[in-house]
Amino acid sequence: MEVDFNKKIYAQITAIGGYVPENKRTNSDLEKITETSDEWIVKRTGIKERRILEDGLATSDMAVSAILNLIETYQKDIQDVDALIVATSTPDMLMPATANIICDKLGIENVWAFDMNAACSGFLYALDMGASLIETKRYKNILVIGADKISAYVNINDRSTNILFGDGAGVVWLEPTNEVAILDALLLSNGTGKEYLNIEGGGSLHPISEQLLLDEKRYIKQDGKVVFKNAIQSMSDTCLNVLSRNDYSVDDVNWLVPHQANKRIIDAVGNEIKIEEGKTLVNIEHYGNTIAATIPLCIWENTSKLKKGDLLMLTAFGAGFSWGASLLRWTI
Ligand code: COA
């Protein structure tokens, strides 16, 4: 349908793609490395396996594969893209942005492209940024990507993190429409979580050094219990707030798409906001926590369940802390 730019413009998702590496790290692999068990991991997290990207490849490679999947599925022309946002905490390099590397690999030029780091909430932040750019009427074809090679920062000998994380990438294509589509996002953050979930090393505070490697500061660390509690409360609160400020109730939601960090967190949020059973999309079993990629990957895997016009509520929580919830009408 022709878009009338004199009327209100919404951003709509017109295509979606995803990619996970072939290589699996199963619970039984981890049983051989640290003192743990398949039974404990499944019971406490819901995770059975994760995907691990091979050495020599990086976040941009997974993002490019996800974009190629989108292009093939929806017959999009990559040369139409005028902006590209990458939510990632694991860029290929500190400079240039992974977004620039992706543009180069795809052969696109003169694109407004940059990286955004909001950890596990990154995709929701990037989606809101992309939607806002569409609403300015200056951009018409935007790729919003969530991609992370978190395995590069996981200490394989640390059972408090090695069970949780895996690699992956997901992407959506945004275009303008006059129909109601991406409706609202309530995104929040503070710094109170910085000591409970972080990768300390390699930044300007702790540049790479021998001591940093000895201190194991290159790895992701967390206080699982603190993160767990904050995640449930923050996601539940923002879900209820974003619903109420748009005059919706939880019963209006067709699908809840939560960040996939721990099945117990997902279940607790569902209970807290009282969403009907069967309306929550979950794929944590196969991929674990892929940081900024969990939400687009989970939608991508479940597209056959979604109907045009369905109301989706997305919610995430991550390092910072950063968290939030978004509402959108499914438009594919
Ligand atoms: N395998 C087997 N046993 C383990 C274990 C593992 N990988 N990790 C911990 N345990 C043991 C502990 O030693 C403890 O034993 P004890 O009772 O004899 O002392 C028991 O299991 C419970 O440990 P606890 O740390 O309390 O587990 P938990 O239920 O809090 O689960 C996490 C740990 C990490 C799975 C959980 O806290 C979590 O998922 N937190 C949120 C993490 C997250 O989402 N991070 C990213 C956010 S974006």
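How many of the residues of helix H10 (residues 294–301) are buried? Of its 8 residues, 6 are buried, and the helix is mostly covered; here buried stands for under 20% relative accessible area, exposed for over 50%, and partly exposed for values in between (1.4 Å probe, protein chains only). The model is predicted, with local features requiring pLDDT of at least 70 and side-chain atom pairs counted only at pLDDT 80 or more, while totals for chains, interfaces and linings use all residues. Residues are numbered from 1 along each chain as its sequence is written, and side-chain values use heavy atoms, with hydrogens and water left out.

Helices (H or I, at least four residues) and strands (E, at least two) are DSSP runs, numbered from the N terminus. The buried residues of H10 are Thr294, Ile295, Pro296, Leu297, Cys298 and Ile299.

The annotation "domain: Beta-ketoacyl-[acyl-carrier-protein] synthase III N-terminal" (unreviewed entry) covers residues 114–191. Over residues 114–191 the chain is 18% helix and 36% strand, with the end C-alpha atoms 23 Å apart. A further annotation in UniProt, "domain: Beta-ketoacyl-[acyl-carrier-protein] synthase III C-terminal" (unreviewed entry), covers residues 243–330. Over residues 243–330 the chain is 30% helix and 23% strand, and the end C-alpha atoms are separated by 16 Å. The UniProt positions follow the numbering used here, feature names are shortened, and the annotations may be inferred rather than shown by experiment.

Helix pairs were described by their axes, which are lines fitted to C-alpha atoms, for helices over the stretch in contact, with angles from 0 to 180 degrees between N-to-C directions. Helix H3 (residues 59–74) packs with helix H4 (residues 98–106) at an angle of about 50°, and their axes are 9 Å apart. H3 and H4 are therefore oblique to each other, since angles under 35 degrees count as roughly parallel, over 145 as roughly antiparallel, 65 to 115 as roughly perpendicular and the rest as oblique. The crossing of H3 and H4 is right-handed; a crossing is right-handed if the near helix is turned clockwise from the far one by less than a right angle, and left-handed if anticlockwise. On the H3 side the contact is made by Thr59, Ser60, Asp61, Ala63, Val64, Ile67 and Leu68, and on the H4 side by Thr98, Ile101, Ile102, Lys105 and Leu106. By class, this contact of H3 with H4 has 7 nonpolar, 3 polar and 2 charged residues, with Ala, Val, Leu, Ile, Met, Phe, Trp, Tyr, Cys and Pro counted as nonpolar, Asp, Glu, Lys and Arg as charged, and the others, Gly among them, as polar.

The axes of H7 and helix H8 (residues 263–273) come within 9 Å and cross at roughly 40°. That angle makes H7 oblique to H8, and the crossing is right-handed. H7 contributes Phe228, Ala231, Ile232, Met235, Ser236, Cys239 and Leu240 to the contact, and H8 contributes Arg264, Ile265, Ala268, Val269, Glu272 and Ile273. The contact of H7 with H8 has 10 nonpolar, 1 polar and 2 charged residues.

Ala231 is found in helix H7 (residues 224–245) and is buried, with a relative accessible area of 3%. Leaving aside neighbours within four places in sequence, Ala231 is in contact with Ile265 and Phe317. Ala87, in strand E4 (residues 83–87), is buried, with a relative accessible area of 0%. Residues up to four places away in sequence not counted, Ala87 touches Met116, Gly122, Phe123, Ala126, Ile145, Gly146, Ala147, Asp148 and Ala292.

Some backbone features lie in loops. The peptide bond from Met95 to Pro96 is cis, with omega near -10°, and Pro96 is in the loop between E4 and H4. A cis peptide bond also joins Gly320 and Phe321, with omega about 5°; Phe321 is in the loop between E12 and strand E13 (322–329). Asn110, a residue other than glycine, has a positive phi near 60°. Asn110 lies in the loop between H4 and strand E5 (112–116) and counts as exposed at 79% relative accessibility. Ala119 has a positive phi near 50°, lies in the loop between E5 and H5, and counts as buried at 11% relative accessibility.

Terms used. Contact = heavy atoms within 4.5 Å.
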